[in-house]
Every structure is written in C-alpha cells, then in structure tokens.
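Q: I am new to this structure and would like to learn how its features are read, one at a time. Could we begin with a pair of packed helices?

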Amino acid sequence: QYFENDFNGGNVFTGVARNFLQFQTSARGEGALAVNFVLDELVTRLLTKRTGYFSAHEFDQAINLILGQIIQNLVQGRFDEIAASLRRLTTHKPSVWDRALGAPLVDLEPTEAPRNALNALSLKSEAISRSILDGIGRNKSAALLVELISQYKGRHFQVSDLYRIAESLDIELQELLGDWLHDASLPGFLMSAVATDRLSDDDQGNPRYQTRVWVRNDESTPGLLQLRYQWGSLKEPTWDVTGPRRIPPNSAVEVGIVTPTPLFQLWTQPYLALNRNDQRLTLPRVDSERQLQAEPFVGFQQSDWRPPETGDIFVDDLDDGFTIWRDQPEAPDDNKDLDQGLPEYQLRFGNVRYWSRAVYSDSWGKYRRTHALIAPGQGNSHAAFTATLPHEGRWQLSYYLGINTSSDTNPDFNPGVLLRSYLGKHEMTLVSNNERIPIEFDGKEASFGWNELGDFQLPAGETRLEVANVTTGIVVIADAIRWRPGVVQVAGEK
C-alpha cells in the first residue's frame with residue numbers, strides 16, 4: 001500500500017520489485033535469468049497493477065514515438081501509462097520478435113546483441129507474467145510468491161521448485177503456460193467471421209445483442225487470448241474485456257458476448273502469439289428490428305470450428321511467393337528496423353521511398369495483418385506475387401485491399417477513410433508462360449476486401465502478378481492475391 005500511495009510510475013516499481021524479490025530469494029540454474037525476469041514482472045504487477053520498463057539502449061530513439069502511441073492506444077481502448085507505451089514501442093519491434101521467435105527463453109542471454117536480447121526477454125516475460133496473473137488470478141499469484149519466499153528466503157531455488165510449489169497450491173502452471181522456458185514456438189490464432197443478432201428484450205424491456213466469434217489455435221503450443229470490445233453510445237462508449245481463456249494446441253473455442261447495444265469495435269488480444277499484435281475484427285451490420293428467441297451466451301465454450309476448406313491459392317506479403325526487386329540497389333537505412341526482410345513502416349519517417357511493411361488491422365494474413373507500401377516512382381521498383389497453379393484451366397484473380405471505410409467499424413476514428421484518399425490507379429502486369437498481360441486496378445474505386453481483377457485461361461505452372469511503384473495516387477499498396485479455380489479445361493478441348 002505504501003508503494004501505491006507514494007510512487008507514480010512503473011519504472012520505479014520495476015526496480016523496487018527486483019530489489020525486493022532478489023533480496024528475499026532468486027532463481028538459479030538453467031533459465032534463472034528468464035525466471036527472475038518473469039517473477040520481477042509478476043511482483044511489479046501485483047504491487048502496482050502496472051508494468052514498467054527501462055533500457056538505456058532505447059532512450060535515444062523511442063521518446064519521440066510515445067505521444068503517437070498513446071493516442072493510438074486510447075483509440076483502441078488500451079489505456080496504458082507512458083511506461084507501458086514506451087515498453088511496447090521498444091519490445092514489439094520486428095527485430096525483437098525475430099529474436100524472441102528464434103530462441104527459447106533459456107537461450108536469451110544478453111551477451112551478444114544485448115539490446116535485442118534484453119528486449120526479447122522483456123517481451124516474453126511481460127506476456128508470461130500477464131498470463132500467470134490473469135490465468136490464475138491475483139490471490140493465487142500472490143500465494144505462489146509468498147510460498148516461494150517462505151520456503152527459500154535468503155536462498156536460491158530451481159525452476160522445478162517453482163512448479164512443485166505451484167502444484168501444492170493447486171495451481172496448474174505448466175498446463176497454463178506449456179514449456180515456456182525451452183520451447184520457442186508460439187500459439188497462432190485464427191478467427192471466424194463475427195456474427196451478431198438482437199435477442200428478445202430482457203424482463204425489464206432492455207435490448208440485448210448477442211455477438212459470437214470462433215477462435216482456433218492452429219499451432220502445437222497452448223496460448224491465452226482475450227477479446228476487447230466497445231459498445232454504448234457514440235458520445236459515451238464503454239470498453240469491456242472478456243476473461244482470458246487458455247486455448248489448447250490445435251483446438252477452438254466459441255466466444256459469446258452480450259451487450260445492450262451492437263458493438264462498435266471488437267479486438268482480439270493475444271498474450272504472446274504468432275499474431276504478434278491485437279487484431280480488429282470486422283463487425284457485421286445488425287438488423288435491430290428482428291429479434292431472435294434464444295438464450296444468451298456469455299463466455300467461452302469448446303468448439304470444433306475450423307476455417308472452411310477451399311481450393312483457393314493465396315499469396316500474402318509475408319509469404320515466400322512475395323518478392324521485391326528494383327533497378328538499383330536500395331541504400332541501407334540504419335534507422336529502420338527490418339520486418340521479415342522489408343523496412344518497418346513508421347509514419348514519422350514520412351515519404352516511403354522504398355517498399356516497406358506496415359502493420360494494419362484490416363490487412364490480409366493468416367496470423368499477422370500486414371501489407372507492403374511505397375510512394376509513387378518511375379516504375380523502377382516492383383512487388384511480385386508468385387504462385388504455382390496446379391493445373392491448366394480458368395482461374396479468377398483477385399487483389400486484396402484492406403481499406404475499410406465503413407462507419408460501422410469504428411465511429412470515432414477510422415484511418416481507412418484517410419488512407420482511401422491516398423489511393424489511385426495501380427500499374428499491374430500478369431506474367432504467365434512468357435506472356436505479359438496488363439491489369440487495370442483503381443484503388444480509389446475498389447471495395448474493402450477482395451477485388452476481382454479478371455478471369456484468365458492459364459497453363460499449369462508458375463504465374464506472377466507484378467505491381468510497380470506507379471500510381472495516380474500518393475501510395476501503392478501490395479497486400480495479398482487470391483487465385484480461385486474455375487472450370488478445368490483439358491488441352492485440345494474448346
């Protein structure tokens with residue numbers, strides 16, 4: 001209570017927690033550094049209900065981004081303090097994610113490339129501590145730490161001791177987290193389309209709206225996920241969050257939400273997953289006049305949901321089939337972080353002279369939602385989507401544009417409206433069997449989602465859609481393409 005009343009800011013608490021915990025006891029042996037990072041973060045959150053972060057490596061470059069990040073967090077319902085925003089800016093960079101995905105926690109020693117190693121440790125330990133705190137609750141989290149200190153005060157303990165104490169308190173720590181120390185793999189969440197219906201009014205005559213969405217963990221590692229949603233009036237919207245749910249490997253759950261009004265926004269919030277970022281889900285239009293006679297469902301329940309199987313062929317900007325080339329080599333820019341081979345797009349860098357990768361909630365992707373973009377040039381730089389068609393026949397080609405201008409999606413802030421004004425006609429070419437076919441596409445007139453570019457009779461084998469840095473607008477966007485098979489045509493037949 002003294003800490004909460006007399007200090008204000010997560011950075012102070014991080015130091016207090018670390019000194020307090022290590023004065024009492026600390027982990028030793030394999031994974032000791034990672035365990036201490038996680039427990040430090042857990043103590044900080046228990047004492048202050050906040051997070052903290054400090055790294056002298058980042059002080060030279062992160063400060064200018066804090067204000068913009070705070071504004072974005074408020075829009076998305078993330079009411080973080082400055083320390084939390086700073087931490088997110090420094091630990092959620094692409095290079096840190098690459099480091100975190102490339103090694104288990106026990107191997108993240110800050111001896112080589114200490115900046116990324118420490119940030120990766122912070123990224124994972126913050127997510128794991130939140131998973132423990134939200135997964136088992138504050139009382140059990142506190143009991144775990146109290147018992148740990150009680151048994152090992154002034155001494156070191158092993159990771160196995162932590163698990164033994166958790167088991168004695170009926171805390172299923174290993175089931176909750178999986179092999180979080182030794183396994184570098186992460187869960188990956190797939191989401192269904194959102195369904196919303198108006199239920200019959202309650203006994204007091206108040207309206208009720210039922211929202212359902214299905215979530216599948218399509219990886220072999222368990223993970224936690226919760227949903228954040230906004231409802232109410234335009235002048236006084238309310239943010240709520242579902243309880244966290246552990247989703248086992250290769251399994252799915254159905255999530256139910258009931259609110260007095262239709263939702264304005266719905267976001268998935270994974271703790272630590274291949275999705276990396278929160279994802280905004282597209283909300284359907286609701287027929288408020290039609291009332292469904294059904295029992296309301298709130299919470300989570302097991303499901304056998306899987307994404308529908310399809311013969312479609314997709315190429316996303318994160319896939320191996322997506323490549324960039326230009327007539328002249330690009331000059332290196334040490335100020336930009338690389339996101340899976342492309343410079344990370346940040347608004348503060350201004351005009352995008354080279355193909356860069358932007359994270360955007362309405363973009364296409366299996367787990368991550370990203371697209372590539374570039375400012376207009378002279379046709380000297382191209383993005384290409386290459387796919388291998390399994391058979392000769394009629395194929396429909398579609399181009400994805402994740403620019404959602406619907407006011408239903410976000411009534412108080414919609415970046416899609418602004419981004420749409422930047423678009424113009426793109427210069428595209430379909431290349432197949434040494435034939436080059438010009439493709440017309442006007443981003444300003446395109447729809448949100450998949451836009452059909454045409455039907456083509458094509459041979460089996462490699463085909464490529466090239467997108468040049470030429471446009472009548474002020475930005476070119478390359479996100480994803482889809483090949484959809486039509487009637488198979490045998491060679492020699494009309």
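A: The helices α6 and α7 are roughly perpendicular to each other, a term for angles of 65 to 115 degrees. This is a predicted model, in which local features need pLDDT of at least 70 and side-chain atom pairs count only at pLDDT 80 or more, while totals for chains, interfaces and linings use all residues. Residues are numbered from 1 along each chain as its sequence is written, and side-chain values use heavy atoms, with hydrogens and water left out.

Q: What is the angle at which α6 and α7 pack, and how many Å apart are their axes?

A: Two packed helices are described by the angle between their axes and by the distance between the axes. Here α6 (residues 94-102) and α7 (residues 114-136) pack at about 75°, with their axes 9 Å apart; the axes are lines fitted to C-alpha atoms over the stretch in contact, and angles run from 0 to 180 degrees between N-to-C directions.

Q: Which residues of α6 and α7 make the contact?

A: Contact means heavy atoms within 4.5 Å. On the α6 side the contact is made by S95, V96, W97, R99 and A100, and on the α7 side by N116, A117, N119, A120, L123 and K124.

Q: In what order do the strands of the open sheet lie?

A: Two strands pair if DSSP finds at least two bridges between them, and strands themselves are DSSP runs of E with at least two residues, numbered from the N terminus. The open sheet has 5 strands in the order β15-β20-β25-β22-β23, with antiparallel pairing. The edges are taken by β15 (322-326) and β23 (435-442), each with a single partner strand, so one side of each has no neighbour in the sheet.

Q: How many bridges join β22 to β23?

A: There are 8 bridges between β22 (residues 425-432) and β23, which run antiparallel.

Q: How is the aromatic pair of W364 and Y400 described?

A: Rings of Phe, Tyr and Trp (its six-membered ring) pair if their centres lie within 6.5 Å, and planes under 30 degrees apart count as stacked, over 60 as edge-to-face and the rest as tilted. The pair of W364 and Y400 is tilted, at 5.6 Å centre to centre with 50° between the planes. W364 lies in the loop between β18 (356-359) and β19 (370-374), and Y400 in strand β21 (residues 393-401), 36 residues apart, so that the pair links distant parts of the chain.

Q: Is Y400 buried or exposed?

A: Buried means under 20% relative accessible area, exposed over 50%, and partly exposed in between (1.4 Å probe, protein chains only). Y400 is buried at 9%, whereas W364 is partly exposed at 23%.

Notes:
Helices (H or I, at least four residues) and strands (E, at least two) are DSSP runs, numbered from the N terminus. Angles under 35 degrees count as roughly parallel, over 145 as roughly antiparallel, 65 to 115 as roughly perpendicular and the rest as oblique.
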